Amino acid sequence: MKKRLLSLTLVLCMLLTAVTVLPITANAASSGTCGDNLTWTLDDSGTLTISGTGDMTNYSYASDAPWYSLSSSIKKVIVENGVTSIGDRAFSNCSSLTSITIPDSVTSIGESAFEECTGLTSITIPDSVTSIGYSAFAGCDGLTSITIPDSVTSIGDEAF
């Protein structure tokens with residue numbers, strides 16, 4: 001009986017040690033849709049890629065964006081050619097976001113699209129963009145450089 005109890009104790013100790021010592025890797029990569037013909041993918045390095053054709057969904061709340069629960073993991077956003085708009089509140093509160101690539105196919109940036117993206121330091125808006133929504137970059141306290149082309153004919157109040 002003592003031998004059995006000792007064996008059971010050793011097995012339990014080995015299991016507990018394995019659980020606490022061995023690293024468990026979780027795949028943070030996720031994907032889904034964010035428009036009628038758009039998909040998104042977040043890889044393990046924190047790069048969120050939006051691809052496909054057409055407009056991105058407008059979200060009523062930042063928490064409605066399909067990647068919201070992963071927003072602290074997003075470091076870089078790549079919007080691929082073919083995407084025509086960046087939706088309202090699409091990247092709001094992505095505080096770890098430091099880089100955004102916007103292609104020439106994008107014509108509008110929605111309301112509060114990048115609100116509170118405090119890690120952004122610079123952004124270049126392509127010549128194709130004609131409108132920037134209300135509070136699009138509000139609360140981006142780290143933003144020190146932004147290039148706005150002459151093509152932008154509409155900028156919402158408190159965009160910056």
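In what order do the five strands of the open sheet with mixed pairing stand? The order is 1-2-3-5-7. Strands here, like helices, are DSSP runs numbered from the N terminus: helices are H or I with at least four residues, strands are E with at least two. Two strands count as paired if DSSP finds at least two bridges between them.

Before I go on, the ground rules. This is a predicted model, in which local features need pLDDT of at least 70 and side-chain atom pairs count only at pLDDT 80 or more, while totals for chains, interfaces and linings use all residues. Residues are numbered from 1 along each chain as its sequence is written, and side-chain values use heavy atoms, with hydrogens and water left out.

Now the chain as a whole. Of its 160 residues, 38% are buried; buried means under 20% relative accessible area, exposed means over 50%, and partly exposed is in between, with a 1.4 Å probe and protein chains only. The chain exposes about 9,000 Å², and 53% of that comes from carbon and sulfur atoms. Those areas are Shrake-Rupley values with a 1.4 Å probe; for residues, only the protein chains shown count as cover. Among contacts (heavy atoms within 4.5 Å) with a separation of 6 or more, 35% join residues 24 or more positions apart.

Back to the mixed sheet, with its five strands in the order 1-2-3-5-7. Strand 1 (30–35) and strand 7 (99–101) are at its edges; each has a single partner strand, so one side of each lacks a neighbour in the sheet. The twist from one strand to the next averages 15°, where axes are lines fitted to C-alpha atoms, for helices over the stretch in contact, and angles run from 0 to 180 degrees between N-to-C directions.

Strand 5 is worth a look from both sides. Strand 3 (residues 47–52) pairs with strand 5 (residues 76–79) in the parallel sense over four bridges, and Thr 47 is opposite Lys 76. Strand 5 also pairs with strand 7, again parallel, over three bridges; there Val 77 has Ile 100 as its bridge partner. In a regular strand the side chains alternate between the two faces of the sheet.

What is the strand order in the open sheet with parallel pairing? It is 4-6-8-10-12, five strands. Strand 4 (54–55) and strand 12 (154–155) are the edges, each with a single partner strand, so one side of each is left without a neighbour. Strand 10 (residues 131–132) pairs with strand 12 in the parallel sense over two bridges, and Ile 132 has Ile 155 as its bridge partner.

Last, two backbone angles. Most residues other than glycine have a negative phi. Arg 89, in the loop between strand 6 (83–86) and strand 7, has a positive phi of about 60°. Ser 112, in the loop between strand 8 (108–109) and strand 9 (122–124), has a positive phi near 55°. Ser 112 is buried, at a relative accessible area of 6%.
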